[in-house]
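I opened this model to look up a few salt bridges and strand pairings. My notes follow.

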Amino acid sequence: MSTTDRSYEALSAVRTALPLLGAALVPGTPRRWSQRDLTDEQRARLDQLARAEREAKHANLARGIKVLGTGPAPLRLDVLDVQADIAAGVTELEDAVTEKLELTLLAGASTAERISRIIGLLDRIAVHEDLADHVHAEAVRLRRLAARALGEDEQVVRLNARCHVCDARSLRAFPEREVVACLNNACRCDDKECPCHDDPPRRHRWAFSEWPWLAQVIAEEIGVQPINALADYGTLSGRA
């Protein structure tokens with residue numbers, strides 16, 4: 001898949017998420033983006049959370065603490081921040097594109113309209129490698145922002161291949177970030193300056209572009225098995 005195709009997918013996902021983010025502003029509204037099936041572990045956690053909330057409610061009632069009147073629900077500030085970040089990011093992206101292609105900015109356009117315009121210019125953007133890379137990186141970042149705000153777990157893919165550092169079958173691909181990481185806690189390389197020697201050690205990771213065969217492996221689904229992010233992500237979160 002080309003950079004243009006990946007940028008198109010990311011931008012389209014952000015555009016699709018915009019109305020869902022608006023609905024998610026009010027607490028309690030559905031926030032599922034994709035309809036992946038929940039694992040037994042996820043269902044157990046949700047059931048445990050529901051039980052804890054019911055127990056807390058009953059305990060408060062027993063102490064004479066009642067629920068306040070039915071006023072309007074406060075907006076989710078985290079979602080509001082994401083909406084602002086996406087709007088600003090898309091505007092800045094359009095600014096970079098129009099400057100490079102010698103076009104004018106859309107006046108008074110919505111975020112969705114700006115995204116649609118950038119999508120329509122992707123073929124022209126592809127001629128300028130630096131601009132194409134910038135558009136792709138920003139589109140992926142904005143898609144991740146939207147996904148997190150909508151409660152979407154990051155997809156993880158188990159690869160049927162050995163890590164070239166530790167030789168363990170511990171490679172996982174993170175399609176949204178387009179990186180591969182080794183989840184073997186004992187994976188260490190010979191470079192003493194590498195973060196894998198830090199305390200605590202950081203996982204080895206590589207961009208998809210560093211392993212040209214990887215895109216083909218994933219695309220052809222040869223020896224690849226999707227897994228739930230929470231099962232194997234572990235301490236990799238925030239450090240991979």
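**Salt bridges and strands**

I began with Glu138 and Arg141, which are 3 residues apart in helix H6 and therefore separated by about one helical turn. Helices (H or I, at least four residues) and strands (E, at least two) are DSSP runs, numbered from the N terminus. The two side chains form a salt bridge, with the closest N and O atoms 2.7 Å apart. I took a salt bridge as a side-chain nitrogen of Lys or Arg within 4 Å of a carboxyl oxygen of Asp or Glu. Glu138 is buried at 13%, while Arg141 is partly exposed at 38% relative accessibility. Buried means under 20% relative accessible area, exposed over 50%, partly exposed in between (1.4 Å probe, protein chains only).

This is a predicted model, where local features need pLDDT of at least 70, side-chain atom pairs count only at pLDDT 80 or more, and totals for chains, interfaces and linings use all residues. Residues are numbered from 1 along each chain as its sequence is written, and side-chain values use heavy atoms, without hydrogens and water.

I counted 3 salt bridges by this rule. Glu94, Arg114 and Arg117 are linked in a network of them. Arg114 meets Glu94 at 2.6 Å, joining helix H4 (residues 111-120) to helix H3 (residues 77-101). Glu94 is buried at 1% relative accessibility.

I then checked the strands, which pair if DSSP finds at least two bridges between them. S2 (residues 171-174) runs antiparallel to S3 (residues 179-182), joined by 4 bridges. S1 (residues 156-159) and S2 are also antiparallel, over 2 bridges. Arg172 stands opposite Arg158 and opposite Ala181 in S3.
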